[in-house]
Amino acid sequence: MAAFRFRPMMWPIAAAAILATVGIAQPPSPPPDRWWKPDEGRRFPAVLDYENDYGVLRTLLIGGPIETRDHAFFRAIGPDGRACVTCHQPADGMSLSAASVQHQWLAVGPRDPLFAAYDGSNCPSLPQQDRASHSLLIDHGLIRIARPWPPLDQNRKPVKADFTIEVVRDPTGCNLDPQWGIESARHQISVFRRPRPVANFKYIEAMGFAYDPKAGMPLPVDPETGKPVSGNLMADGRVLSLQSQMREAAGTHLQFLKAMDREDIVQILDFESRLYVAQQTDRVGGALDAASAEGGPRKLADSPAGRLGSQGIPIWSEFAAWEKPAAIAKEDPAQTAFRQSVARGARLFRDRTFLISDSAGITSPVGFGNPVRNGCAFCHNMSQMGMDVAPGQVDLGTTNQPFADPAPHLPLFRIRCLGKPHPHYGKMILTSDPGYALTTGRCADVGRITLQTLRGLTARAPYFSNGSAKDLRGIIDYYDRRYDIRYTEQEKQDMVNLLKSL
């Protein structure tokens, strides 16, 4: 695995001591393990760099560093010995890459808290010593998410759904399991999703509108504070605040048996709110803030959040300087070519238009039209971040047939609308993850997913909520097929080089 380069020491200890006495430099000490274990007590510095396949990812901790011993984010809680850091690794952009998961399985196996039965396996009822029981996490970086059926609202009251759900395919066995499935006493639907990064929250929580323009509805209101929130924290909008997210994660992913202490919540909030993550250097292009460019996490930390790129700072204008002759390094043609490619990719992202069709949250229910001609920046429009300034979820087809890529390893559900048909799929929908509909109970929301931040992508493959794009090229190829964009090979490479630089 390219993300982990372990170089065994070539010198016996005695030989190294002899070389030291004659003034010959010893080989450097191996770097600390990329994997942060719960209760390790490692210091978290103000600037933390990790190499990856494309260059260096940088994490800034504003006001840092901190000691992690007995820190709530790094402390093991619950019966499985997990901590928040288990699924939100610094080397993975505060998320979790499939490469890291594979390394932990090879290094530690099922004893690692990452593979806890509840959600680190395909189903808790499977034999936990077997690799096959953890295949979705190991091979695709997917965590099991158990959702109640029928759905529950923010006050844990049942929601009357306007659709039925039937299990068509159950490769993990969990949706039909007598203890964990939809017909069990738990009444659960199991879907499998990628962990979302816990960094750059200033942008994730920003609200550019006073209402949800994707649904023409008021913003959701946090029942604890009574204040409107962005709803952009979770893939399916099931929690509305970071505090609620922590409590939910403590009770599910950490299997915490009591309410999380307020002091712990405050400590985690303080830590996460000061984290900024982005790619800092590229192996070919060099420093991403060189030659007047503004890549890297420092720009994120210093900029206001929630600005709409079409009306303020254009999206990915961080790399506009690389369109100018001053960015050309004549002594390094490869570096120059890369920088020019990134600048072209940024322009393609903003300016290349195509027909967007049958995409709830974009072409329905609001009146943009179906199809509507626009580009990537139509939805990924927040300056510096590439999230959506407009709160709410969208269906890009990544989980719904006929648009989703084949995924025989994932469950398949048949949704039947009881009232009005879905505006794009009709009365019956086949999906591997109903998404936002598992929160709202609305057929019109099937497959709608919260857009993710585009920063730090290089560290956390695979992509999309279900991990269906194994690499950055896979993202571009999916959109190219989905909306018949017809990028040239050069344009695809330019877009990939842009994503590598975020």
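**Stop one: the disulfides**

The structure holds 2 disulfides, where a disulfide is a pair of cysteine sulfur atoms within 2.5 Å. Before you click, note that this is a predicted model, with local features needing pLDDT of at least 70, side-chain atom pairs counting only at pLDDT 80 or more, and totals for chains, interfaces and linings using all residues. Residues are numbered from 1 along each chain as its sequence is written, and side-chain values use heavy atoms, with hydrogens and water left out.

Select C123 and C174. Their sulfurs are joined, S to S 2.2 Å. C123 sits in the loop between α4 (117-120) and α5 (135-140), and C174 in the loop between β6 (163-169) and β7 (188-193), so the bond ties together parts that are 51 residues apart in sequence. Helices (H or I, at least four residues) and strands (E, at least two) are DSSP runs, numbered from the N terminus. Look along the S-S bond: the torsion is about 70°, so this disulfide is right-handed.

Next, pick C417 and C443, whose sulfur atoms are 1.9 Å apart in a disulfide. C417 is in strand β15 (residues 412-417), while C443 is in the loop between α11 (437-440) and β17 (449-450), 26 residues away. C417 and C443 are buried too. With the bonded cysteines numbered in sequence order, the pairing reads 1-2, 3-4.

Now try C84. It is in no disulfide, and the nearest cysteine sulfur, that of C87, is 9.2 Å away. C84 counts as buried at 17% relative accessibility. Then jump to C376, also in no disulfide, with the sulfur of C379 the nearest cysteine sulfur at 9.3 Å. At 15% relative accessibility, C376 counts as buried.

**Stop three: zoom out**

Show the whole chain as a cartoon. How many helices and strands are there? The protein chain has 13 helices and 17 strands. Its radius of gyration is 23 Å, close to the 23 Å that the globule rule gives for 502 residues, so it is as compact as a globular protein of that length. That radius is taken over C-alpha atoms, and the rule is 2.2 Å times the number of residues to the power 0.38. Along the principal axes, the C-alpha atoms fill a box of roughly 85 × 55 × 40 Å.

Finish by coloring by burial: buried residues make up 57% of the 502.

How values were computed
Buried < 20%, exposed > 50% of the residue type's maximum accessible area, 1.4 Å probe, protein only.
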